[in-house]
Amino acid sequence: MTFILRNMWRRKARTFLTIFGIVVGIFALTVLGGMTARMNQQINGMKSYITDKIEVAPAGSSVRMMGGGMGGVKLLELSKVGEIEKVPGVKGASGMIMVQLKAAEGMSQPQMMIGYEPIAGTSMFNNAKLSVGRELQPGDAGKVLLGSTLATDLNAKVGQPVTLLGKQFQVVGIMDTTLGMTDSWAFVPYQDSLNIFLAQNPYFKAEGLTQGIVVFPKQGVDIEALSSKIQGSVAGIKTTSPKQAEKQISNISTIFSAIILGIAFIALFVGGLSVINTMIMSVSERRREIGLKKAIGATTGTILREYLGEALMIGLVAGACGMLLGLLAIAGLNRATHASNVVIFTVTATVIIGPVIFATVLAGLAGLFPALRAARLNPVDALKEE
Amino acid sequence: MSIVTTSGLKKVYTVGDTTINAVNGLDLAIEKGEFLSIMGPSGSGKTTLLHLLGCLDVPTSGTVSIEGKETGDLKPTALASIRREKIGFIFQEFNLLPVLSAVENVELPLRYQKVKPAERRRRALEALAKVGLSERANNKPGQLSGGESQRVAIARALVTEPALVLADEPTGELDTTNTVRIMDLLRELNKQLDLTVAIVTHDPMVAERTRRIISIRDGKIESDKAA
Ligand SMILES: Nc1ncnc2c1ncn2[C@@H]1O[C@H](COP(=O)(O)OP(=O)(O)O)[C@@H](O)[C@H]1O
Ligand SMILES: [Mg+2]
């Protein structure tokens with residue numbers, strides 16, 4: 001151990017350069033890892049939302065309603081809700097109207113108002129808990145359920161009024177922080193948001209409009225089969241079952257994983273090559289030493305372990321430095337965006353340990369070939385060298 | 001029983017079309033407590049012979065036996081174990097590790113013997129005391145003179161209490177004063193510890209200080225006589 005560190009110290013500049021090369025890669029890996037962890041957090045939040053319901057959008061729209069694609073291009077007749085509710089296996093369906101409260105500023109999420117028709121015996125948020133109050137109920141009017149970030153912004157308390165888009169609502173509940181986008185959303189009864197929507201878009205004449213429909217199945221009904229059944233029996237709509245929704249969400253996380261993988265490969269290449277180079281150099285300048293060690297009884301395995309240890313140490317030190325720098329950057333960026341209630345990075349155990357293990361294993365693998373070369377050196381030849 | 005015996009020992013090198021018989025049919029026995037030198041001109045095969053005696057190299061044909069045990073069929077790890085337990089090497093260029101202090105250099109063979117750190121340190125300091133370098137224990141090789149470096153190397157060779165110490169031109173890089181000192185030291189250790197020492201040299205001044213002189217030429221023994 002002292003051995004390894006002193007040998008590394010002997011060639012300070014070279015060791016530093018090698019470590020620096022890996023540090024850069026690991027730094028990038030850590031920061032992106034933090035971003036991915038945050039992404040996954042949001043995705044998991046969405047997944048828990050979609051597991052027990054079918055989403056219905058106008059036919060031909062490519063973007064899922066909850067995916068945020070609220071172009072407001074196509075609308076459905078509210079009568080579709082009734083049609084869907086007639087399909088056997090459907091417990092209830094609710095129209096939805098989304099209105100923007102405040103556009104996204106910088107890196108903050110947009111604030112949205114979501115109107116829906118509460119259905120008795122169902123929960124819109126099967127996994128998200130309420131921190132205070134209750135969900136919306138059938139018959140509610142002028143009531144609002146607030147996401148945690150939005151509630152903080154509005155300084156809202158349950159039972160007290162808040163003003164949204166010029167209209168007063170009474171707060172019935174505040175949701176727990178999910179770290180997902182619903183944190184900055186307000187949920188109101190369908191009719192309230194429709195009124196606001198029509199006031200904003202006076203060229204829509206019809207009263208019975210909806211941007212999307214959420215369908216709840218009866219207990220014990222196969223939700224995937226029900227989704228296709230609705231698709232088949234109601235015209236002009238496009239259903240998205242939980243499985244399909246999950247697949248779309250997974251695609252997003254696949255893209256992020258691909259980016260992380262790309263960075264990892266760059267780190268692999270740069271870091272790996274510089275470790276190989278450093279190790280080959282330190283083996284060739286220490287051939288005599290290796291010969292001596294063998295003469296006094298070191299086995300091939302002993303030499304192999306010594307050099308592999310050196311490579312692993314380089315990886316460990318570089319990995320730890322890169323990771324710590326990454327965490328520092330994450331902490332700084334998160335603080336910078338804190339004011340606008342935005343979290344871009346999440347630090348999980350994987351974000352901390354992953355890059356360090358990656359760097360150590362990488363350096364170990366890169367050091368394997370030079371270490372083997374050192375271990376297999378013929379001591380007689382090595383000792384004769386000048 | 002002899003510490004080491006060889007019979008029909010041969011080492012052949014092939015470089016391109018030419019073959020070199022570095023050691024060419026050599027029979028030799030070294031007894032416990034001997035203090036001998038192997039003399040010969042440059043290229044006569046002294047170093048090659050020493051490496052064969054110390055199980056660092058394997059012969060092309062013939063045998064080397066250490067304490068009566070033939071080494072011909074042994075695997076590399078078994079040969080390493082013989083070097084670790086039975087042999088102490090001393091080289092012309094000292095071969096101290098520059099990153100380690102004097103006492104840490106002396107500890108190195110014990111480290112490979114897996115001796116515990118405290119015990120290791122105690123024995124290394126003891127060996128340094130025997131070569132008269134106690135006060136230089138914490139110096140790095142760069143801070144030591146040639147004579148001092150070679151004494152550290154001698155301490156490293158005897159710290160494991162080996163059956164046989166093999167020295168390859170140990171005074172080759174030293175001036176006359178230091179040469180005499182090193183030879184006196186080796187002789188002293190030979191007498192006091194009953195240490196068996198074989199010294200390869202081409203320096204008559206070194207050879208005449210040993211008790212037995214083996215002269216070799218072209219890989220063969222030319223003469224073998226008590227001094
Ligand atoms: N690895 C080798 N390859 C080829 N020839 C060698 C090798 N090692 C030694 N020799 C040759 O073997 C002969 C004996 O060498 P060596 O034992 O080093 O002699 P000495 O130590 O007496 O000077 C020399 O001719 C030398 O060139
Ligand atoms: Mg020689």
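In the predicted model, a backbone N or O atom of Gly43(B) lies 2.7 Å from an oxygen atom of ligand 1. A backbone N or O atom of Gly45(B) is placed 3.1 Å from an oxygen atom of ligand 1, and the side chain of Lys46(B) has an N or O atom 2.9 Å from a ligand oxygen. Of the 550 Å² of accessible area that ligand 1 has on its own, the protein covers 70% (Shrake-Rupley method, 1.4 Å probe).

The shell around ligand 1 holds 14 residues, of which Lys384(A), Gly43(B), Lys46(B), Thr47(B) and Thr48(B) come nearest (a residue is near if one of its heavy atoms lies within 4 Å). Because residues from chains A and B surround ligand 1, the site is shared between chains. At least two shell residues each are supplied by α11 (379-384) of chain A and by β1 (4-15), β2 (18-30) and α1 (46-53) of chain B (DSSP runs, helices being H or I of at least four residues and strands E of at least two, numbered from the N terminus). The most, three residues, come from α1(B). By class, five shell residues are nonpolar, six polar and three charged (Asp, Glu, Lys and Arg count as charged; Ala, Val, Leu, Ile, Met, Phe, Trp, Tyr, Cys and Pro as nonpolar; the others, Gly among them, as polar).

Glu289(A) is found in helix α8 (residues 287-295) of chain A. Glu289(A) is buried, with a relative accessible area of 8% (buried means under 20%, with a 1.4 Å probe and protein chains only). Not counting residues up to four places away in sequence, Glu289(A) touches Arg10(A), Leu97(B) and Pro98(B) (heavy atoms within 4.5 Å).

Residues are numbered from 1 along each chain as its sequence is written, with chains lettered from A and ligands numbered from 1 in the order in which they are written. Local features need pLDDT of at least 70, side-chain atom pairs count only at pLDDT 80 or more, and totals for chains, interfaces and linings use all residues, while side-chain values use heavy atoms, leaving out hydrogens and water.

Terms used
Buried < 20%, exposed > 50% of the residue type's maximum accessible area, 1.4 Å probe, protein only. Polar contact = N/O pair within 3.5 Å; in protein donor to acceptor, adjacent residues only side chain to side chain.
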